[in-house]
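Work through the exercises below with the model open. Try each task before reading its solution.

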Amino acid sequence: MEQKQTINFGPGPAKLPQSVLLQAQKELVNYNGIGISVLEMSHRSSDFSKILSSTESLLRELLNIPDNYKVMFLQGGGSGQFSAVPLNLIGLKEDNCADYIVTGTWSERAAKEAAKYGKVNIVHPKLDKYTSKCQLDPEPVVLLTFYYGCNETVHGGGYNITRKQNGVVLVSDMSSNFLSRPVDVSKFGLIFAGAQKNVGCAGVTVVIVREDLLGHALNECPIVLDYKVQATNNSLYNTPPCFSIYIMGLVLEWIKNNGGTAAMEKLNKHKSSMIYDIINVSNGFYACPVDVACRSRMNVPFRVGKKEGDEALEKKFLDGALKRGMISLKGHRSVGGIRASLYNAVTLEDAQALATYMKEFLKEHQ
Ligand code: PLP
């Protein structure tokens with residue numbers, strides 16, 4: 001029986017490139033002819049050591065990571081980093097104080113977690129909702145630790161805040177837009193990203209940190225979260241998420257073979273504008289709650305029928321999508337509506353299929 005094609009618009013864990021899955025399948029039982037699977041391999045073996053170093057080299061190449069930055073592959077997810085970042089960096093300032101930019105659910109969680117270890121200062125006017133542009137005073141804030149969620153997966157805000165470092169340690173959670181575009185790593189003190197959206201499967205979180213920021217952990221920092229310990233041990237202080245690192249290596253190779261971050265950016269602009277364009281010309285039938293100035297290219301949230309969403313019509317939209325093989329379009333449970341996640345592995349054809357369906361649904365129900 002012919003299998004119906006499934007198009008996965010999930011927010012993460014998310015779609016992986018088909019070629020990566022096929023390669024992993026081919027190598028699952030017998031990796032590289034050595035007779036065992038990566039799943040069974042010692043993390044101290046020379047074979048795994050090659051996987052780890054080639055994954056790091058690819059990442060360094062794709063992001064042009066300067067030599068004075070360490071790259072780590074850790075466990076604990078983005079949420080683990082909500083704790084690790086303050087535990088390692090909040091002590092940089094004598095009064096254990098950090099400035100946070102809270103632009104959505106995830107940075108809100110990060111700020112709440114940091115408040116356990118020091119004083120958190122929110123450095124922008126209070127936002128009524130996480131769908132409007134976050135205005136920062138361009139100069140006067142004196143910042144030491146400065147944190148923001150670069151792409152807010154739940155509400156669909158995309159923010160691009162970079163500063164001259166001038167004593168500012170800019171920390172960014174890039175979990176949902178990592179490698180979706182080029183980034184100047186030298187503008188950041190630390191970048192972290194869970195792999196399960198743009199660069200692999202769940203289980204591994206990449207941390208890229210400037211070397212001079214190592215060695216400032218608070219006494220109570222658990223040893224597995226201590227960046228200095230993990231960096232000195234090349235992510236091998238304890239058992240790393242070996243298979244997830246291997247999958248990430250395959251995805252990085254795929255990104256490289258498909259033109260690198262610049263090509264990903266072009267593709268992602270194209271895919272997201274296909275969807276936003278329909279929203280914009282639908283006369284309010286589709287409504288994106290996010291200000292045009294800060295719309296994400298990765299997660300496109302929208303309501304159907306009217307601005308605040310017609311739930312019956314939204315259900316119909318999701319049912320119709322499912323009949324066409326399009327899955328995981330339901331908005332986050334905290335905001336409702338629809339959310340199309342368009343990470344790197346989502347193809348132009350996938351986005352086109354959604355755009356075509358949206359046009360047809362509009363015609364039928366407007
Ligand atoms: N940061 C962002 C931007 C996210 O989208 C998520 C999860 O979706 C997280 C952090 C939390 O990641 P994890 O579930 O790996 O802890």
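**Exercise 1. List the residues that surround the ligand, then sort them by class.**

Step 1. The shell consists of Gly77, Gly78, Ser79, Phe82, Trp106, Asn151, Thr153, Asp173, Ser175, Ser176, Gln196 and Lys197. A residue is near if one of its heavy atoms lies within 4 Å of the molecule.

Step 2. Two of these residues are nonpolar, eight polar and two charged. Here Ala, Val, Leu, Ile, Met, Phe, Trp, Tyr, Cys and Pro count as nonpolar, Asp, Glu, Lys and Arg as charged, and the others, Gly among them, as polar.

Step 3. Helix H3, residues 77-89, contributes the most to the shell, with four residues. Helices are DSSP runs (H or I, at least four residues), numbered from the N terminus.

The model is predicted: local features need pLDDT of at least 70, side-chain atom pairs count only at pLDDT 80 or more, and totals for chains, interfaces and linings use all residues. Residues are numbered from 1 along each chain as its sequence is written, and side-chain values use heavy atoms, without hydrogens and water.

**Exercise 2. Is phenylalanine 361 buried or exposed?**

Step 1. Locate phenylalanine 361 in helix H9, residues 348-365.

Step 2. Its relative accessibility is 4%, so phenylalanine 361 is buried (under 20% relative accessible area, with a 1.4 Å probe and protein chains only; exposed is over 50%, partly exposed in between).

Key:
Helix = DSSP H or I, 4+ residues; strand = E, 2+ residues; numbered from the N terminus.
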